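Student: Please take a close look at one part of this structure. I would like the salt bridges and their surroundings, in short sentences.

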Amino acid sequence: MDTATVEQRLRTFLLVLAGWMCVGTVVELFLAKHTEDPLQFAPFVLCGLGLIAVMAALRRPRRATLMALRGVMSLLMIGSLFGMYEHLANNFAFELEMRPSAVWSDVWFQALRGAAPLLAPGILALAAMIAIAATYAHPVLASQPDNLAPAGPTSGEPQLPKRCEA
């Protein structure tokens, strides 16, 4: 089996894995009733966008599609970091509500272990990294489109202007 076939199968596997991670996250969020606050719908939207981007990249692996996939996956990473922050902030607020006289250093460890799991939003970042890894050194991204082809000599040497001899 040649290298190109192996690379293509690995890319497909990584994209399918990232897509299933988005689907699994939606199922888990739904089962955990992650719908009490409008902000809690953000991971549903992000997972939907991620799944659409993955399916588009699998169906039509073109430069624009792969760049859009990278953009959407960057949004997933940002959303993941925001989710981690929200989980930690809510855990802190809960712990400080339970012990109003405590300072943050007293409840730090309890907040990390709180009711809202800190690393649960991290699954979105993991899915995003896997999908972006699938586009690493992709042959479609390595080739330049016709309208972006470099002008002038291909040897890298500057072209001197021609003299007009009369």
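Tutor: The structure holds 2 salt bridges, a salt bridge being a side-chain nitrogen of Lys or Arg within 4 Å of a carboxyl oxygen of Asp or Glu. This is a predicted model, in which local features need pLDDT of at least 70, side-chain atom pairs count only at pLDDT 80 or more, and totals for chains, interfaces and linings use all residues. Residues are numbered from 1 along each chain as its sequence is written, and side-chain values use heavy atoms, with hydrogens and water left out.

Take Glu 7 and Arg 11. Their closest N and O atoms are 3.8 Å apart, in a salt bridge. Both residues sit in helix H1 (residues 3-31), 4 residues apart, so about one helical turn separates them. Helices here are DSSP runs of H or I, at least four residues long, numbered from the N terminus.

Glu 7 is partly exposed, at 37% relative accessibility. Arg 11 is buried, at 8%. The cut-offs: buried is under 20% relative accessible area, exposed is over 50%, and partly exposed lies in between (1.4 Å probe, protein chains only).

What does Arg 11 touch? Leaving aside neighbours within four places in sequence, Arg 11 is in contact with Ala 134, Tyr 136, Ala 137, His 138 and Pro 139. Contact means heavy atoms within 4.5 Å. Ala 134 is 123 residues from Arg 11 in sequence, yet the two C-alpha atoms are 4.6 Å apart in space.

The second bridge pairs Arg 99 with Glu 95, at 3.6 Å from N to O. Arg 99 is partly exposed, at 34% relative accessibility. Glu 95 is buried, at 12%.

Now the nonpolar packing. In soluble globular proteins, nonpolar side chains tend to be buried together. A nonpolar core is a set of buried Ala, Val, Leu, Ile, Met, Phe, Trp, Tyr and Cys residues joined through side-chain atoms within 4.5 Å. The largest one here has 22 residues, and Leu 15, Val 54, Leu 69, Met 73, Leu 76 and Ala 131 touch the most other members. H1, helix H2 (42-59), helix H3 (63-98) and helix H5 (122-134) each supply at least two residues of this core. H5 gives the largest share, 6 residues.

Val 54 touches Leu 15, Ala 18, Gly 19, Leu 69 and Met 73, not counting residues up to four places away in sequence. A second, separate core has 5 residues, among them Leu 88, Phe 92, Ala 102 and Val 107.
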